[in-house]
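Let's take a walk through a protein model together, one piece at a time. Have a look at the picture first, and then we'll go through it in words.

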Amino acid sequence: MKRIDLVVIGTVLALAAILLLLFRAPSGAEGYAVVYVNDEEYARLPLDTPATLTIDQGDGKVNVVEIFKGGVRMQSASCHNQLCVQQGDVTPQSAAHAALKNWIVCLPNGVSIELVAEDAP
Amino acid sequence: MNAGKIARYGLLTGVMLVLGYVESLLPVVGIPGIKLGLSNTVLLYALCLMGAKSAVLLAVLKVLLSGFLFGSPATMLYSAAGAALSLGVMMLLERVPNVSIIGVSVAGAAFHNIGQCVVAALFVQARAVLAYLPILLVSAVVTGFVTGVAAKYLLRYIKKK
């Protein structure tokens with residue numbers, strides 16, 4: 001291990017820190033969830049109204065998004081790894097310490113959900 | 001390519017596939033996309049003792065074979081992008097004087113994750129991927145360090161023989 005190795009390690013960690021600062025999780029009690037399919041916005045759901053949204057892409061890819069009071073979860077998904085369902089409830093509180101912050105991502109189906117929180121007026 | 005070389009490449013490819021497979025059996029701690037990357041020790045070995053061309057050949061074999069054996073076209077795309085970026089950066093850093101194998105390994109691990117994130121960004125919102133990248137980078141420093149130390153002692157042992 002040499003000094004320049006520490007420079008390499010420091011560079012990687014600095015990059016991580018910069019990204020963390022750029023993509024800070026939102027704080028606030030109210031807001032909405034934006035559902036994206038691939039790269040396009042599919043729906044925008046207010047967090048104060050409980051709802052379920054079924055996204056059927058027609059090729060066997062089905063995701064069910066559930067809005068509950070104050071948060072969002074992936075209720076079910078047709079994907080093989082179920083990582084999106086295992087992510088559980090995402091709320092403005094959970095976003096502060098979750099690995100994926102304010103996002104739920106179903107990579108195999110190309111579905112992502114962003115929790116956008118706003119400060120209560 | 002003579003028989004000795006062919007045998008050596010076959011052996012190294014086999015070691016990489018087994019290491020990759022064993023790793024896939026280990027439980028991952030709740031965070032997808034994080035793994036030790038032990039098969040990178042073989043690439044580090046090849047890069048240091050056999051040259052860049054050999055390392056590229058081994059990486060291509062690993063991506064193709066593990067894709068056909070354990071993966072799908074999608075997972076092959078992820079590992080190809082990860083391997084290409086990772087090996088490219090490792091080849092560059094290996095030429096920089098004073099960078100030890102540990103530094104090469106850490107950079108390789110980080111760029112493996114960056115390559116996979118680039119592919120992921122093709123399928124979902126890029127901002128979701130960028131939000132996840134910091135955690136992957138921090139884990140890459142840890143896993144890259146561990147594999148780098150393993151490769152360092154491996155090389156020391158092999159050179160003695």
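Two strands count as paired if DSSP finds at least two bridges between them. Helices (H or I, at least four residues) and strands (E, at least two) are themselves DSSP runs, numbered from the N terminus. What you see is a predicted model, where local features need pLDDT of at least 70, side-chain atom pairs count only at pLDDT 80 or more, and totals for chains, interfaces and linings use all residues. Residues are numbered from 1 along each chain as its sequence is written, while chains are lettered from A and ligands numbered from 1 in the order in which they are written.

Let's start with a sheet in chain A. Strands of a sheet pair through backbone hydrogen bonds, either parallel or antiparallel. This sheet is an open one of 3 strands, in the order S3-S4-S5 (chain A), and the pairing is antiparallel. S3 and strand S5 (71-77) of chain A sit at the edges with a single partner strand each, so one side of each has no neighbour in the sheet. From one strand to the next, the twist averages 20 degrees; angles here run from 0 to 180 degrees between N-to-C directions, and axes are lines fitted to C-alpha atoms, for helices over the stretch in contact. Zoom in on S3(A) and strand S4 (residues 62-68) of chain A, and you'll find 6 bridges in the antiparallel sense. As an example, A:Leu53 stands opposite A:Val65 in S4(A).

Is A:Pro50 buried or exposed? A:Pro50 is exposed, because 11 other C-beta atoms lie within 10 Å. The rule is that a residue is buried if 20 or more other C-beta atoms lie within 10 Å of its own, exposed if 12 or fewer, and partly exposed in between, with C-beta atoms placed from the backbone. A:Pro50 and A:Glu66 are 16 residues apart in sequence, yet 7.5 Å apart in space, C-alpha to C-alpha. Leaving aside residues up to four places away in sequence, A:Pro50 touches A:Ile67, A:Phe68 and A:Lys69. Touching, or being in contact, means that the two C-beta atoms, placed from the backbone, lie within 7 Å.

Chain A also has an open sheet of 4 strands, ordered S2-S1-S7-S6 and paired antiparallel. Its edge strands are strand S2 (40-46) and strand S6 (103-106) of chain A, each pairing on one side only. Ignoring direction, neighbouring strands of this sheet are turned by 15 degrees against each other on average. S1(A) and S7(A) share 8 bridges in the antiparallel sense, and A:Val37 has A:Val111 in S7(A) as its bridge partner. On to the next pair: S6(A) is joined by 4 bridges to strand S7 (residues 111-118) of chain A, again antiparallel. There, A:Val105 stands opposite A:Ser112 in S7(A). S7(A) is mostly covered, with 6 of its 8 residues buried.

Now for some backbone angles. The hairpin of S6(A) and S7(A) has 4 residues between the strands, and A:Gly110 takes a positive phi near 70 degrees there. A:Asn38 isn't a glycine, but has a positive phi of about 55 degrees. You'll find A:Asn38 in the loop between strand S1 (30-37) and S2 of chain A, and A:Asn38 is partly exposed, with 14 other C-beta atoms within 10 Å. A:Lys101, another residue other than glycine, has a positive phi near 55 degrees. A:Lys101 is in the loop between helix H3 (92-95) and S6 of chain A, and counts as buried, with 22 C-beta neighbours inside 10 Å.

Over to chain B and its helices. Helix H3 (residues 52-70) of chain B packs against helix H4 (residues 73-95) of chain B at an angle of about 165 degrees, with their axes 9 Å apart.

Finally, how do the chains meet? The contact takes 26 residues from chain B and 26 residues from chain A. On the side of chain B that touches chain A, helix H5 (101-123) and helix H6 (126-160) of chain B are the elements that give two or more residues. H6(B) gives the most, with 12 residues.
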